[in-house]
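Hi,

Here's the structure I promised to pass on. Have a look at it first, then read my notes below.

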Amino acid sequence: MEKAVLEKTHLAPQLVPLDYTHKPDVTLPYELIGSMPELKDNPFRQRIAEVFSEGGDGNMTLDDFLDMFSVLSEMAPRDLKAYYAFKIYDFNNDDYICKSDLEKTVNKLTRNELTPEEVNLVCEKVIYEADVDNDGKLSLEDFQHMIIRAPDFLSTFHIRI
Amino acid sequence: RRKNYQGKNSGGKKAGEDRSRQRGRKAPTKDQKESENKKKKGKEVENKQKEDRKNSTSASSNSSDEESPSEEELAMLMEQVEQKKKLISTMRNKPWRMVKKLSVLREAQAFVEKFEGALGKGKGKKLYAYKMMMAKKWVKFKRDFDNFKTQCIPWEMKIKEVESHFGSSVASYFIFLRWMYGVNLVLFGLIFGLVIIPEVLMGMPYGSMPRKTVPRAEQATAMDFSVLWDFEGYIKYSALFYGYYNNQRTIGWLKYRLPMAYFMVGVSVFGYSLMVVIRSMARNANESTADGDDDNFIFSWKMFTSWDYLIGNPETADNKFASITTSFKESIVDEQESNKDENIHLRRFLRVLANVLIICCLCGSGYLIYFVVKRSQTFSKMQNVGWYERNEVEIVMSLLGMFCPPLFETIAALENYHPRIGLKWQLGRIFALFLGNLYTFLLALMDDVNEKLAEEDVVKNITHWTLLSHHNSSMGNSSSATPPPLDPADVPRGPCWETTVGIEFVRLTVSDILVTYITILVGDFVRACFVRFVNYCWCWDLEAGFPSYAEFDISGNVLGLVFNQGMIWMGSFYAPGLVGINVLRLLTSMYFQCWAVMSSNVPHERVFKASKSNNFYMGLLLLILFLSLLPVAYTIMSLPPSFDCGPFSGKKRMYEVIQETIELDFPLFVAKIFSYVANPGLIIPAILLMGEEKRKMMGYYTNPMMQDLEDLFTPSTKNESHPKQAEDKKREPPHGNSPVGTQGKAAALDGSPMPGGRGAAFIPPPHVLVTQPLTLGVHAPYPGQYRPRGHPLGPVPGRGRGQPRYPHAPR
């Protein structure tokens, strides 16, 4: 935890006091979070910041910050990661990953290099594969059911600080 | 939700944070933070203690020692201790509150400490502790060694970069190239260490014997570059070629049996290659049957687990984006292929038609080659042969090599195969075409050899008489008993057919190398430059229309590599230095082609994964290995070695060196045993048995190949109303590899930033991919090692013209 505090200090020395004993209420704006070396190349950094921030706007307090890194660390258990991954990929925050969320995900992953037909095909395939309850979108259970088996999930959904 | 969550929780510090950082709760109080720190420290100390305890049981003996418990009690105690130990080690994963964990931990550790001492019996304790420590050290050592070995694999980053831009099919060629480099390196080590070095160090030096000296007549020009380029002159009389080696039975103070070594190394080159190819096939066959059941979530996993959150470097990120895009495209191709639903009869008819046409082409070209070779034999007897007649064979071979493969591709468009399978057919056909090439080359060579053998008899007589006359003349001048020896440069030489054969192969290899490199340079690089720069002042769009950028011609390159290796195998017995040349060639090829691909090629329009089993490449290689073994075996068994050059000179047949060694070097009874064993009645069954073994191993790999063939004729049973059960989905069976695996590998290696070096000036802009209307030739990759899959035989509106780089005619 000390390391996380130190990290935050490096990010914004003028904002983050070194002495936390009196619990000041410090919030880092999203711009600073998004420019962290661990996150700046990640296409989902905005979503990550939004998911872990209190107000969903990307501005994080120390707790949020620590939360984020603890979930993304290699010690965090699979279920926890799956839960947060679901939240990250749910762009419209409606507790379901619907087709538009999938489209946004694919476009972020490929930097818009796929044609709309290809994107469409991919999204439909994903829904076909993972949607167990047949409602045309992925609920948390669908998502968890699918992601738990993925061999790479733990190793890719992981940030080291 | 977090409160109900029951999953594993590991890591004291972070777990503590999880517990307290629940949603809705604000910042921790000062007390909580301090207690967390304490817990963290405490946990660290306890962990350390736990480890120390495991290592030194002697420190933990205590009062219960003198009780001497009974056997059952001991066993129960042991069980309890083991239980507690297990509890200690899994403490992190338990979803308990911190306080509870700590108390349980302390209790367990106290228990272990108290009773572990009672279990060991004096010396046994120490031994046990020692064994545990060694076991741990061994595991750690093995892990470190594995890491080291992985780091030693050369060019991993280069290949990863190529893979992320061009797909696994193109990368499979480079992986194959790297594997060939490894094999050649081993062969080179064998030959260099066991044949060349002993002769150079311990044999007679240059100039001491006729066979090692440039003849007087040639000495004037022996150093000229043009002569050296033709591998005549000083190079011909060096350790690179067969003729240099002396037939002395033992050389040097080590009594090294050089002729025997030469023969055995020649045989073991083939043996090792055979073993390595078959082992690779068996291993690939096993791997390919391993995964195949996890293809239920291909797209989902691609979407949600392909991005590696560890990436913190823009260039790595670029590569990752490219690789993800490519991977999606590959899967899309596979998906589209499996969705195709067509008239089975029409398809079959078209395929049969295509095969008939192609067989006609092959027969036609075979006859043409035969006809041309026959004509050249008559030409060689005529006096006034023009330039065309002299080179007719080569011209015809080159033309065939240039025009037939694209013709095959065009006809193959009728067949409408899955890209990967189409690739295999294409490769097989071009292979058949170039067997014709091989046939003419060998025929020409055999003619040459027979000529030389006839000539040899004549020269033998001449030499004999020359020496005699020299003796007589020198005897006449002085009355001393020993005449001055004839200078080695003046001794008349036999034609030494083995060296000639070696020189032919070396020349072929060198010209093949040159042609390949020049083709790459001109066909890819200059073309790319032209398209890129002249495009500004050209009437039509060069990038979108003709000629545009080249795609990497995987099939041509792989075939080139396979045939080249066949040449090496054939020639290495007669030119020990050939393998060294090949090693250099492969090394430079790797760098050169990686650069060329990254700077001048565009990815295939329809990127595809090569097939899961690498065995198609290996199968071709195996075939070529047998084909190249035959001529060498024939010459060893039935042609007499030259009388004045090489390690077998003076013998009637080359294999007699074995008999000689057994008779002279081994005790008598060994010779007797061998004479019994060399009974054909025993040898034939032995060979058949070995053949059975090989067939058994091949059985491992034929199954995936059979599956591939089956795929051709079973229609896809996927229909539009998808049942929602994953099990009912029928996808193409053994080729459904888990692409996540590839991603996983990519992810594992993407942690480190990739080196730059991309020749950025010449990377074709990405929009080219979209505007390319034509697929530039069907260049299916060989099913490479990285589960290459699929192939680019798509809806081709026009004909592509890739840059075929096929093995050309000899000379």
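Start with helix 20 of chain B, which covers residues 656-665. Which of its residues are buried? They are Val657(B), Thr661(B) and Ile662(B). These three span an arc of only 135° around the axis, so they sit on the same side of helix 20 of chain B. Turn to the other side of that helix and you'll find Glu663(B) and Leu664(B), which are exposed. Keep in mind that this is a predicted model.

Next, the inside. The largest nonpolar core has 106 residues, and the ones touching the most other members are Phe174(B), Phe176(B), Trp179(B) and Leu621(B). Helix 7 of chain B (residues 168-202) supplies the largest share of this core, with 15 residues. There's also a second, separate core of 60 residues, and among its members are Ile97(A), Val126(A), Ala150(A) and Ile332(B). In soluble globular proteins, nonpolar side chains tend to be buried together.

Now for the surface. A nonpolar patch of about 780 Å² is formed there by Phe225(B), Trp229(B), Leu514(B), Ile518(B), Leu521(B), Val522(B), Val526(B) and Trp595(B). Two helices of chain B, helix 9 (225-229) and helix 16 (497-534), each provide at least two of the patch residues. Which helix gives the most? That's helix 16 of chain B, with 5 residues. Leu514(B) is in helix 16 of chain B, and with a relative accessible area of 38% it counts as partly exposed. A patch residue needs over 30%, so Leu514(B), at 38%, clears that cut-off.

How values were computed: Residues numbered from 1 in each chain as written. Chains lettered and ligands numbered in written order. Predicted model: local features only at pLDDT ≥ 70, side-chain atom pairs only at ≥ 80, totals over all residues. Heavy atoms only, no water. Patch = residues over 30% accessible without salt bridge, like charges linked within 9 Å, V, L, I, M, F, W, Y side chains within 5 Å. Areas by Shrake-Rupley, 256 points an atom, 1.4 Å probe, with all protein chains shown as cover. Salt bridge = Lys/Arg side-chain N within 4 Å of Asp/Glu carboxyl O. Helix = DSSP H or I, 4+ residues; strand = E, 2+ residues; numbered from the N terminus. Buried < 20%, exposed > 50% of the residue type's maximum accessible area, 1.4 Å probe, protein only. Core = buried A, V, L, I, M, F, W, Y, C linked by side-chain atoms within 4.5 Å. Arc of directions from axis to C-beta.
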